[in-house]
Amino acid sequence: TSASARRLATLIKKSKGLKKIDLSNNQIKIDGSVPLLTAIRDSKCPLEVLCLNGNELGDLGAEIVANILKFTKSTLRILRLSHTKIGSVGMDSISNAVYCCEAIQQVKMHGNLSGADSVGYLFCKA
C-alpha cells in the first residue's frame with residue numbers, strides 16, 4: 001500500500017547496497033510512489049533491477065524514474081513498469097532517459113495509458 005511504500009522509502013534512504021527492488025502489484029498509489037521513487041533516486045544504490053509493475057506511478061512517477069535512469073546509468077539493467085498508469089508524457093521522459101543509462105538491457109512498459117503509438121514500449125539491448 002501507499003503507507004507501506006512511504007515507510008519503505010525511509011529504509012531505502014539508509015541503504016547503500018540495494019541491487020534489486022521488486023514491488024510489483026503492491027497497490028502503491030501516486031502518494032506512495034513519489035516518496036518511494038525519490039528515496040530510490042537519492043539512495044545512490046548500485047541498483048540493477050527495478051520492477052514496479054501494477055502500481056500507480058503516473059507521469060509524475062515516470063519523471064522520477066527517468067531521473068533514476070540518469071543517476072544509475074552505469075548499473076540499472078532491467079526496468080519493468082507495465083500497467084503503471086503512465087501517459088505519453090511519462091513515456092517520453094523514460095524513453096529519453098533510457099539512452100543515458102549505459103547498462104540498461106530491458107525496459108518493459110506495456111499496458112499503460114499513453115495510447116496506441118506506444119503499445120509494446122519495450123527496449124532490449126543485445
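**Entry 1: cavities.** A cavity is a set of grid points where a 1.4 Å probe fits but cannot get out. With that in mind, I searched this predicted model and counted one cavity of 30 Å³ or more. I noted about 30 Å³ of space in the largest cavity. Which residues line the largest cavity? I listed Ile12, Leu18, Ile21, Ile40, Ser43, Cys45 and Leu47. Sorted by class, the lining gave me six nonpolar residues, one polar and no charged ones.

**Entry 2: cysteines.** I looked for disulfides and found zero. For cysteine 100, I looked up the closest cysteine sulfur: that of cysteine 101 is 8.4 Å away, too far for a bond. Cysteine 100 is partly exposed, at 36% relative accessible area.

**Entry 3: salt bridges.** A reminder to myself: side chains of opposite charge can pair when their charged atoms come close. How many salt bridges does the whole structure hold? My search found five.

- Aspartate 31 meets arginine 6 at 3.3 Å, N to O. Aspartate 31 is in helix α2 and arginine 6 in helix α1, so this pair ties together parts 25 residues apart in sequence.
- Arginine 77 pairs with glutamate 48, with the closest N and O atoms 3.5 Å apart. Both sit in loops, arginine 77 between α3 and β3 and glutamate 48 between α2 and β2, so the pair ties together parts 29 residues apart in sequence.
- Aspartate 42 pairs with arginine 41, and here the closest N and O atoms are 2.9 Å apart.
- Lys29, Glu56 and Lys85 are linked in a network of salt bridges.

Terms used. Residues numbered from 1 in each chain as written. Predicted model: local features only at pLDDT ≥ 70, side-chain atom pairs only at ≥ 80, totals over all residues. Heavy atoms only, no water. Disulfide = S-S within 2.5 Å. Buried < 20%, exposed > 50% of the residue type's maximum accessible area, 1.4 Å probe, protein only. 1 Å grid on protein atoms, 1.4 Å probe; cavity = no way out; pocket = protein on both sides within 12 Å on 5 of 7 lines; lining within 4 Å. Points joined across faces, edges and corners; volume = space filled by probe spheres on them. Nonpolar A, V, L, I, M, F, W, Y, C, P; charged D, E, K, R; others polar. Salt bridge = Lys/Arg side-chain N within 4 Å of Asp/Glu carboxyl O. Helix = DSSP H or I, 4+ residues; strand = E, 2+ residues; numbered from the N terminus.
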